[in-house]
Each structure stands twice: as structure tokens, then as C-alpha cells.
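Visitor: Hi, I'm new to this one. Can you show me the structure and walk me through it?

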Amino acid sequence: MPVKEPQNPAAEEDPEYVANLRRATLASTVGSALEYFDFALYGLASALIFNRLFFSNLDPAMGVVASLATFGVGFVARPLGGLFFGTLGDRIGRKWVLVVTILLMGGSTTLIGALPTYESIGIWAPILLTVLRLAQGFGAGAEQAGATVLMAEYSPIRRRGYLSSLPFIGIQLGTLMASVVYAALSALPDAIFVEWAWRVPFLCSFVLILLALFIRARLKETPTYVELEKNEDVTKQPLRQVLTGGLPGVVAGIGLRMAENGGSYMMQTLALSFATGTAAATVDQSLATWGITLGALIGIAVIPITGRLSDRIGRLPIYRAGSLFLLVFSFPGWWLLQTGSPVAVIATVAIGYGVGVNTMLGPQCAMLPELFGNRHRYLGVAMARELSAVLAGGLAGVVGAWMLAVSDGNWLLPAIYMATLAAITTAATVLTPETRGRDLLRIEDAVRISDDEQGPLPDVSAPSPRGVEPSSGTPADVGRRDRVEHSV
């Protein structure tokens, strides 16, 4: 039976919910910006300069491989961080886990900016770099999953795709900040850039840490987790629940992320490394980074648009459009990268990242939380995100750099690699059920092992009366969320 709006709701409830939703949006946006500023910053540095700073004892080509390998090491730690913090997020709540992850992730990035180089301390330089990269990845392993769950659980059901996508503009802002900073620093004389200027953006990430902590300390727990606490239904063993019944959702999430995550890091790291140092005709690195800048600007528009479209026509059609675009784009895109034309390189990176990747990211923000039941949602999303980050993003730079090294810069191999990732995601969109409009209080997962594990999804294709949600078993505050959804 539908849950109708209470006749005499408390007057202060609506403003309080609106304020918390806005606070959650800001907290998630700043966290996303910091995470992707850190990772984009490290990715750019590993592609453009870390081989000279921390692996100067190696051949230049192998130095790039080793540098990108440290970038991939962070992805190895991410699933461990996702497992650890995701379990805590389902057991003690979302808020304080997000405070700890931002400290660990941002603190590691700041310390990277203070590291001595290989010339100063020898082999200890790459060792310390790897340790900090592991700590950075461990904290980031649950940061984005937490931001995703936080926004999905706060958002009104009919605008969940759009509102959940807004914090992911922070991804573009973080990427944009990193690429603009590195484009400006790369234009400095090489001696200044290598000597000290590369450290500045790493050290400045400390400012974002303080801002994120201030916002998150004032954040309240999500309504769906509060409902679990009221019903004394919080699980003590979320990992056991995921392993015994949630693995189909994890596998579906991994498949959905292969093209988005892998394509993102191929465009942001491997493509730049290829265009500026491996291709037959190379491009100046200060020009090549503008491709990421333009791609991030495009993403700022694409993400909320595709999030809103996913509320209207479904998550899967939009997601599939993005994966098919990247599949078709792979071969002409990598061919253009090897031409040595600055315009072609900038346009290729901007379109591949800004349109192809971000068309998938828009609906993903709501879709991943919708795949999992309320008792193990944080852990399920974290496992899907971070296992895919290893299989897609973490391997993209290393495998791609190795392909280019052994083939003497043959563009066709990374093109086939990226097309394969896109094909996997396209297949996942066919096998995964539609989740638009799913009630996030449901305990069971959307991807079910047997047909008797859950009932049908609610129909949200047509408007319902004001204050009436088209799903059964909704919490008392869902009607309140529906009343205020247009005021946010």
C-alpha cells in the first residue's frame, strides 16, 4: 500500500530536511573534488614527471612504466580500504567513516608533496612514495562509495538520479583543478618545475581537507540508516551478507564500472603519456593537459544532464549509450592521438573523457546504491567500485604502458584494450536489471539470485499524487522528502 503524507507534519521538518540535503550535497562534492584532485594530480605527475624524480636510475621508457605502476599500486589498496571502511559504514553509520577517510586520503597526498627524490635518498624515495600511495588508496577506497551512498539515501526518489549526480561534479572540479595547475606549472622553466614547483599542488590539498572536515562534522546521518537503527535492524556482519547474497550485485557493479573507470584513467594518464612521449609525433605536455581541462568542463554539464535523463527514461539506456560511444570512439581516438597534432590530442582526450566516460558516470551515481539492500549497501557499493578500480583503472596505465613499450608505440593495442573494456560494460547493461525508482529501505538486492527474493520494482514512469510515493514499505520521511524535493 502507498504511504500517504501525514496530515499535520511538524513545521520544522521540511526546512531541516532541505538543509541536511544541501549539506550532504556540499559534503559529498568537496570530498569528491579532493579525491579526484589527489588522484588526477598523482596520475598527471606519474605520467609526466615522477619517472624523473623517483625513478631516475631507470631507462626513460621503463621509468614511465615504474612511475605508472606506483599509480596502479593505489588501486590495490582501494579494495582493502573499501572492505574495511565499508563494513564500518554499515555497522556504525555513514557520517564518521567519511570523516576518517578524508583525513587519511588527503593527509597522504599532502605528505607526497614533501617527499625527497631519488637523488636525495636513493631507493627510499620510491619506497616512501609507494607507501603514501597505498595509504592514499586505502582512504579513497570508501570515500567515493560513501559519498555515493550518502546522496542516494538523502535524495527524493523521483529526483535521485539528478541529485545524486550533483556531488560527482566534484570529480570534474578536482580533475579540472589538477589539470589546470599542472598545465600552469608545466609552462614554467623545466628546472623550476622539477626542483620545487611540482610539490605545490600536493601541499595545497591540505586546504580542501580542512573544508571537508568542517562540513562533514555538521552533517547528520542518512534517513535510511536512521530507519535501520530505529528498527534495530543494523547488521553486525555486512561482509557475510554480501558474500552470501550480494555478490551478484557486486559483479554487476564491476561490469558497469569497467568502461567508465578504465576509460577515465586511460584518457587521463596513458593517453597523455603516449601523446607527449611515446607517439611517433609527440605533443608538448603543457598543451596535452588542456584536453583533460576541457573534458572536465564538458563533464560538469554532462553529469547532471545524464543524471536527470536517468530519472526520466531509466539508468540503463543512458549508461549503455555512454559505453557504446566509448566502444566506437576507441579506434579513431587512439589513431588521432598518434598524429602529433595538438588540436587532435586535446579534442580526443576532451571528448573521450568528457562525453564517453561522464555519460556513464551520471546515472551510475544513483544506480550503484540502488543495486544493494539497506543493511549492506555501503559495503556492496565499496566492493563494486574498488574491485573494478583495480581491474579497470589500476591496470589501465600499467598494461597500456607495457603494450606501448613492447610494441614500439603502436596505437592499435591500447585502442583494442579500451574497446574491450567498453564491450564488457555494454554487456553488463544488458544483464543488469533497471533500478530507477527503487525503494532504498528494501533489505534485498536488486540483482537477485532467484525470482522469489524480491517483488517487482515500483512504477515511476507516471506522476503520482503529491505526497504519495509509488513504492511499498517506504519510511515515514519519504513523504516529507517528496514534499520538499522541488525546493532543493
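Guide: Helices (H or I, at least four residues) and strands (E, at least two) are DSSP runs, numbered from the N terminus. This is a predicted model: local features need pLDDT of at least 70, side-chain atom pairs count only at pLDDT 80 or more, and totals for chains, interfaces and linings use all residues. Residues are numbered from 1 along each chain as its sequence is written, and side-chain values use heavy atoms, with hydrogens and water left out.

Visitor: OK, where is Q136?

Guide: Q136 sits in helix α6, residues 124–154.

Visitor: Is Q136 buried or exposed?

Guide: Buried, because its relative accessible area is 0%. Buried means under 20%, exposed over 50%, partly exposed in between (1.4 Å probe, protein chains only).

Visitor: Which side chain does the Q136 side chain make a polar contact with?

Guide: That of T109, at 2.7 Å. A polar contact is a pair of N or O atoms within 3.5 Å; within protein, one must be able to donate a hydrogen and the other to accept it, and residues adjacent in sequence count only if both atoms are side-chain atoms.

Visitor: New topic. Where does α3 bend?

Guide: At A77, by about 25 degrees. The bend is the angle between axes fitted to the seven residues ending there and the seven starting there. A proline, P79, follows within four residues.

Visitor: What comes after α3?

Guide: G93, whose phi is positive, near 115 degrees.
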